[in-house]
Amino acid sequence: MKFIKAFFKHIFNRIWRLLRWIIFASVTGVILGLVAAAFNFCLTEAVTLRETNVGIAIFLPIVGLLIVYLYNKFSNAQDKGTNLVLSSINSDEHIPLRMAPLIFISTVLTQMFGGSAGREGAALQIGGSIGNYLGNWFKLDSKDKKVFIMSGMSAAFSAIFGTPVAAAIFSIEVGSVGIMQYSALVPCTISSLVASSIGKSLGCESPNYLIKGLTEFNLLTGGKTILLACLCAGISVIFCIMLHSFGKVFKTFSPNPYERVFFGGTVILCITLLLGTTRYSGTGIEVIVSAIGGTARNTDFFWKMLFTAITLACGYKGGEIIPSFFVGATFGCVIAPVLGLSSSLGAAIGMVSVFCGVTNCPIASLLIALELFGKPILYFLLAIAISYMLSGYYSLYKTQIIAVSKYKKRIC
């Protein structure tokens, strides 16, 4: 009798916990789906305004002063951005709710006036901030609140980028490299699917990517893929070094954040005028689409790395994920023909390889490849595995924990 009673108690507890997470995660998905749709709409309008009024880029240095003022007024000068969100998953560090509107507004301003930054990193901050607030509102304990933060990250990422499967996994993979937080799988999955559905219904759609010149995977094409992945791993390391070192250089050059952002905005403006193009402003999604189609300029990847490093280092706001896609896609597009692969396939391989190299998230990278490109799974699997190993312990995020060695079966 005691055995039967214990059995039903066990089943009841699991069902109750499942229902609880379904309700909580659905609420999170709805809220963040709506917020992400608003964020996407504002970013789209900002980009349209910039493209139809190219001259407004001259105000980029002044807008930078406004962004720094907002963060000094309502947050702090040492804002950690996505690093704070990741840190909160692994510790009890607090994420203030004001992070969400601050990163929302500042990212839109950065995009509108020609800064080079992404949107998914900003979405992670919005999702983590709102997820943390909802966790407090639902009166969850500290462990469940961390799960809620990951759930919020998945929801925002999913709604903005349109890859719900990858978004669900990315949040439970990115915090601690080598350890998957499977306890968050159910809430992250549900919030991701709900947010994605709402985002799509409100106009959040990812571009259509079509790989051209796809050839059968064999030993020869596999060898070429390995070479391309090795080069992409190197590019991902260089990109991470640039992002972190530029921040140190700017702070050494000028401890004053207002001087720093004004100077950085002026440098971006001057380089843009010298190059005579705005293709490195904003996210550059249209360039990514062009690269997947087989067309990119030889130096696109270099200029995007430089523009993004300056933009984020001097104080403008946004994400690093879409720029990493840009860098990988354009680099792969240019290098692939040299190795004997189609430029379109090379762009797709480069895109996911560099993303894996800078985030240390091979499973999420593979799922992004599947959701965006579909068929050539063997190319992606091989390239991601190589890039993950050769990129070492470099990362976009300083607070990302390397929990398990990439090279030996041991805990770091």
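## Exercises on a predicted model

Lys 146 is found in helix 6 (residues 142-161), where helices are DSSP runs of H or I with at least four residues, numbered from the N terminus. The model is predicted, so that local features need pLDDT of at least 70 and side-chain atom pairs count only at pLDDT 80 or more, while totals for chains, interfaces and linings use all residues. Residues are numbered from 1 along each chain as its sequence is written, and side-chain values use heavy atoms, with hydrogens and water left out.

**Exercise 1.** Determine whether Lys 146 is buried or exposed, and list the residues that it touches.

*Solution.* Begin with the relative accessible area of Lys 146, which is 17%. Buried means under 20%, exposed over 50%, and partly exposed in between, with a 1.4 Å probe and protein chains only; Lys 146 is therefore buried. Then take its contacts (heavy atoms within 4.5 Å): leaving aside residues up to four places away in sequence, Lys 146 touches Ser 88, Ile 89, Ser 91 and Asp 92.

**Exercise 2.** Describe how helix 14 and helix 15 pack, and state which residues make the contact.

*Solution.* Helix 14 (residues 343-359) and helix 15 (residues 362-372) pack at an angle of about 155°, and their axes are 9 Å apart; axes are lines fitted to C-alpha atoms, for helices over the stretch in contact, and angles run from 0 to 180 degrees between N-to-C directions. Because angles over 145 degrees count as roughly antiparallel, under 35 as roughly parallel, 65 to 115 as roughly perpendicular and the rest as oblique, the two helices are roughly antiparallel to each other. On the side of helix 14, the contact is made by Met 351, Val 352, Phe 355, Cys 356 and Thr 359, and on the side of helix 15 by Pro 362, Ser 365, Ile 368, Ala 369 and Leu 372.

**Exercise 3.** Classify the aromatic pair formed by Phe 325 and Phe 355, and locate both residues.

*Solution.* The structure holds 21 aromatic pairs, a pair being two rings of Phe, Tyr or Trp (its six-membered ring) whose centres lie within 6.5 Å, with planes under 30 degrees apart counted as stacked, over 60 as edge-to-face and the rest as tilted. For Phe 325 and Phe 355 the centres are 5.2 Å apart and the planes are at 45°, which makes the pair tilted. Phe 325 lies in helix 13 (residues 321-339) and Phe 355 in helix 14, so the pair ties together parts that are 30 residues apart in sequence. Finally, Phe 325 counts as buried at 0% relative accessibility, and Phe 355 counts as buried at 0%.
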